[in-house]
Amino acid sequence: MEITDIDGVFCNGIKERKYGLGLVKVKGSVAGVFTKNKIRAAPVVVCEENIREGIVDGIVVNSGNANAYTGEQGLKDAREICRIAASLLGCDERRVAVASTGVIGRKLNMDWIRKKAPEVYSSLGNSPENAHRFGEAIVTTDKFVKKAHSEKARIAAVAKGAGMIAPNMATMLCFAFTSAKFDSGELYEMLKKAVDSTFNRLTVDGDTSTNDTVLLVSTGKERVERDIFEQELHSVFYSIAKQIARDGEGATKVFEVRVEGGKSDDDANLIARAVASSLLVKTAIFGCDPNWGRIIAAAGYSGADVDERITLSFSDGKDEIFLVDAGRPLGTEEQARKLMQNSDDLIIKIKLEKGAGKGFAIGCDLTYDYVKLNAEYTT
């Protein structure tokens with residue numbers, strides 16, 4: 001199921017070397033959540049303004065240039081992109097959502113965008129190929145386009161994200177579409193909840209982007225129960241979050257950190273995020289080194305209420321190897337090493353004795369390729 005399988009969604013895109021331009025024609029209710037970085041890219045500012053009334057007629061996205069830290073010119077360029085898209089779509093420019101991703105601190109090549117926008121629009125459609133071209137247009141260092149859907153709730157989403165990912169959404173753009181009928185207020189409530197429990201638990205490298213944007217658009221064609229929709233939206237975003245972690249720049253393994261027994265959910269989440277963000281943990285995962293001391297240390301500095309009564313295990317979803325039992329090391333490192341060597345999707349389970357709090361985070365390993373790719377990012 002592609003985004004173009006949602007009734008009322010038409011799209012297309014073009015990719016030329018590092019630069020891409022994607023366009024979506026869709027009329028409906030909209031909600032969005034954006035980066036928590038204090039330095040907000042121009043398209044984030046403009047997009048938030050344009051969707052304030054909860055209605056959208058189109059989405060325009062460029063990749064290869066973030067249009068971030070570009071001052072007043074960046075805002076003018078973001079608004080001009082909206083005008084260009086609006087003139088092609090035949091709508092009000094204030095009903096166009098805009099997003100950008102790429103290098104920070106460089107002016108947009110507006111001549112290229114002005115030239116390519118009509119070309120993108122001319123082949124707008126609702127075929128799988130149109131959806132594919134849009135997805136390819138919005139990626140940067142991604143090895144693949146992230147996609148997920150729910151037939152049950154009539155949701156389809158497409159996203160990009162691989163690096164500059166931290167648990168304040170992630171360096172990502174995500175566009176989710178549904179034919180389920182909800183107004184913008186309902187969409188926002190459900191979107192915020194789903195993002196908090198998925199994208200906001202994701203970390204690749206601890207850096208929070210200036211451009212994070214997640215939009216949810218409803219074309220309002222059919223009825224879906226809200227509780228079902230919420231469950232399915234979470235599942236769609238969880239799938240995309242795992243895909244982003246798996247495609248973390250240079251990543252070879254993805255892992256989840258699941259914490260139980262925290263003093264509160266907030267405490268448990270602090271621990272989960274600290275472990276998933278730890279460079280020492282991430283490099284140990286890469287090297288298949290069951291160095292559980294690094295995990296214990298991360299839990300200790302997380303800011304949560306912890307003591308030495310920690311139970312810790314590694315799992316591949318089938319087998320589980322306990323390394324520490326209520327503070328007592330078990331000497332099972334060799335078994336854990338073999339489990340790590342044979343799986344690229346691991347679960348780190350941490351159990352405390354502080355209360356009923358639960359936490360969760362998603363991460364990936366840190367490899368030589370991450371350093372190489374990012375050392376050469378602008379060259």
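In helix α7, the residues Asp 267, Ala 268, Asn 269, Ile 271, Ala 272, Ala 274, Val 275 and Ala 276 are buried, meaning under 20% relative accessible area, where exposed is over 50% and partly exposed lies in between (1.4 Å probe, protein chains only). Keep in mind that this is a predicted model, in which local features need pLDDT of at least 70 and side-chain atom pairs count only at pLDDT 80 or more, while totals for chains, interfaces and linings use all residues. Residues are numbered from 1 along each chain as its sequence is written, and side-chain values use heavy atoms, with hydrogens and water left out. Helices (H or I, at least four residues) and strands (E, at least two) are DSSP runs, numbered from the N terminus.

What do the buried residues of α7 pack against? Their partners are β9, α8 (279-286), α9 (292-301), β13 and β14, with contact meaning heavy atoms within 4.5 Å. The helix itself, residues 265-277, lies across β9 (254-262), β13 and β14, and runs at about 20° to β14.

Those strands belong to an open sheet of six, in the order β12-β11-β10-β13-β9-β14, with mixed pairing; two strands pair if DSSP finds at least two bridges between them. β12 (328-329) and β14 (357-364) stand at the edges with a single partner strand each, so one side of each has no neighbour in the sheet. Further in, β10 (residues 311-315) and β13 (residues 345-351) run antiparallel and are joined by five bridges. Thr 311, for instance, has Lys 351 as its bridge partner in β13.

Now for the aromatic rings. Rings of Phe, Tyr and Trp (its six-membered ring) pair if their centres lie within 6.5 Å; planes under 30 degrees apart count as stacked, over 60 as edge-to-face and the rest as tilted. The count comes to five aromatic pairs. One of them is the tilted pair of Tyr 238 and Phe 360, at 6.2 Å centre to centre and 40° between the planes. Tyr 238 lies in helix α6 (residues 226-246) and Phe 360 in strand β14, so this pair ties together parts that are 122 residues apart in sequence. Tyr 238 counts as partly exposed at 25% relative accessibility, whereas Phe 360, at 17%, counts as buried.

Phe 286 and Tyr 368 form an edge-to-face pair, 5.2 Å centre to centre with 90° between the planes. Because Phe 286 lies in helix α8 and Tyr 368 in helix α11 (residues 368-375), the pair ties together parts 82 residues apart in sequence. Tyr 368 is exposed, with a relative accessible area of 67%.

Methods:
Axes are lines fitted to C-alpha atoms, for helices over the stretch in contact, and angles run from 0 to 180 degrees between N-to-C directions.
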